[in-house]
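Work through the exercises below with the model open beside you. Try each task before reading its solution.

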Amino acid sequence: MVDRVLAAVRTAPSTTELRELDMPELSDDAALLKVEVAGICGTDVKMYATPPFGDPVIMGHENVGTVAVAGERFKQLHGVTEGDRVFVEHYVGCYNCEWCRIGEYRHCEATDWRTNPDARRYGYTSAENFGTLWGGFSEYMYLPWNAVLHKVPDGVTAELAGLVTPLSNGIEWALIAAGVGYADTVLIQGPGQQGLSQVVACKQAGASKILVSGTAKDKARLELALDLGADEAIEIDQVSPYEQVMDHTGGRGVDFVLDCTSRAGVGPVLLGIDVLKRREGTLLIQGELAAFPDFPIKRLTEKAITIKSARGHSYRACELALAQLASGRFPLERLSTHKFGLDQVDRAIRALAGDTEDADVIHISLMPWLGKDS
Ligand SMILES: [Zn+2]
Ligand SMILES: [Zn+2]
């Protein structure tokens, strides 16, 4: 095993340095992952510009790779061995609390950086902590005894494997949280990697009408939404989006609205409340808005609308996402539009934010070994 590791380290807001770091020491209950692909999502864009903690941090929280070295105890605990290909959740649960016991690691205090300044979470935890390699923008990543692993089925390519996180979020939010099912009608707002993943989840669950909305800039993404099984694409800067939804639903509106827009302000939520015309609809929101002046709570309660929160994924959602990727049922590989090496982390994050010349970006795979032999 080599004793130095190359990693892209965030050293300050919007600043990345390639650094050679010491390989961490491994106890019997720990392991080392050779990172194959780290997916990049909207959270990275936010965290890169405004880090929630002090640097240095190795970002990268959607990680897939191969177990390179593992202690005996680690192998026993996780049922894996060297050479196994795994998806590593970014949550590092305590395995003991009520949430961990039911596979809801995302709610565990030990990994929640919002309430626990000493939380461990891939892509967030400082490299100054024991283990150093706490993110996927690195050749190797540290796996303590309480990392949460999922085996990646054979035949799932690296690019496809990079989609586990958005797809597991899609399954968690649309199906498990909101409860989209057979013959339901759905409006998915925003055709990015997250919105497109919701399309697949809703289609698989049997929704009878899936509408996806975006802007004129989203043309390619909206076309892909149709190829993935959406019934109608709505350009919100053409005709009034409300009218379009009513047209496509015979004036009935939809049963579910899933807001996958990022940084779009109050508009998508207000439209969502409008198009949930029938009573007892469900609105899924991501809650990026810190405040919502004049929130129309009366209209919401009069229609008996339920609000659900989009908040990460459960163990089960990850397993379902991996099975979906392995099935080949949907052309999900088309979501994977760009890949970059370790020396291009800054560009990769800016590309996802739309701040580079890279065109038609949907999902970006950061591949630390891209262009290298081993
Ligand atoms: Zn993410
Ligand atoms: Zn826990």
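**Exercise 1. The zinc site**

Decide whether Glu62 is buried or exposed, then describe the site of the zinc ion (ligand 1).

Solution.
- Step 1. Learn the cut-offs: buried means under 20% relative accessible area, exposed means over 50%, and partly exposed lies in between (1.4 Å probe, protein chains only).
- Step 2. Glu62 has a relative accessible area of 3%, so Glu62 is buried.
- Step 3. His61 has a relative accessible area of 5%, so His61 is buried.
- Step 4. Look for donors, which are N, O and S atoms within 2.8 Å of the metal (3.2 Å for Na, K and Ca); water is not among the atoms, so sites may look incomplete.
- Step 5. The zinc ion (ligand 1) is coordinated by Cys41 (SG), His61 (NE2) and Glu62 (OE), at 2.0 to 2.2 Å.
- Step 6. Along the sequence, the donor residues follow the spacing C-x19-H-E.

A note on the source: this is a predicted model, in which local features need pLDDT of at least 70 and side-chain atom pairs count only at pLDDT 80 or more, while totals for chains, interfaces and linings use all residues. Residues are numbered from 1 along each chain as its sequence is written, chains are lettered from A and ligands numbered from 1 in the order in which they are written, and side-chain values use heavy atoms, with hydrogens and water left out.

**Exercise 2. Helix H1 and its partners**

Find which residues of H1 are buried and describe how H1 crosses H12.

Solution.
- Step 1. Helices (H or I, at least four residues) and strands (E, at least two) are DSSP runs, numbered from the N terminus.
- Step 2. In H1, the buried residues are Asp44, Val45, Met47 and Tyr48.
- Step 3. They pack against strand E1 (4-12), strand E2 (15-22), strand E3 (31-40) and H12. Contact means heavy atoms within 4.5 Å.
- Step 4. The axes of helix H1 (residues 42-49) and helix H12 (residues 345-353) come within 9 Å and cross at roughly 115°. Axes are lines fitted to C-alpha atoms, for helices over the stretch in contact, and angles run from 0 to 180 degrees between N-to-C directions.
- Step 5. H1 touches H12 through Gly42, Asp44, Val45 and Tyr48, and H12 answers with Asp346, Ile349, Leu352 and Ala353.

**Exercise 3. A hairpin**

State how E1 and E2 pair.

Solution.
- Step 1. Two strands pair if DSSP finds at least two bridges between them.
- Step 2. E1 and E2 are antiparallel, with eight bridges.
- Step 3. Val9 stands opposite Glu17 in E2.
- Step 4. Two residues lie between the strands of this hairpin, and Ser14 takes a positive phi near 55°.

**Exercise 4. The open sheet**

Give the strand order of the six-stranded open sheet and find the helices that pack on it.

Solution.
- Step 1. The order is E10-E9-E8-E11-E12-E13, with parallel pairing.
- Step 2. Strand E10 (232-235) and strand E13 (306-309) are the edges, since each pairs on one side only.
- Step 3. From one strand to the next, the twist averages 20°.
- Step 4. Helix H5 (residues 164-178) packs on the sheet and touches strand E11 (256-259), E12 and E13; its direction makes about 145° with that of E12.
- Step 5. Helix H6 (residues 193-205) lies across strand E8 (185-189), strand E9 (209-214) and E11, at about 165° to E8.
- Step 6. Strand E12 (residues 282-285) is joined to E13 by four bridges. There, Leu283 stands opposite Ile307 in E13.

**Exercise 5. Pro268 and helix H9**

Place Pro268 in the fold and list what Pro268 touches.

Solution.
- Step 1. Pro268 belongs to helix H9.
- Step 2. Its relative accessible area is 9%, so Pro268 is buried.
- Step 3. Leaving aside neighbours within four places in sequence, Pro268 is in contact with Gln189, Asp259 and Thr261.
- Step 4. Pro268 and Ser213 are 55 residues apart in sequence, and their C-alpha atoms are 9.9 Å apart in space.
- Step 5. The buried residues of H9 pack against E8, helix H8 (241-248), E11, E12 and helix H10 (297-302).
- Step 6. The axes of H8 and H9 come within 10 Å and cross at roughly 35°.
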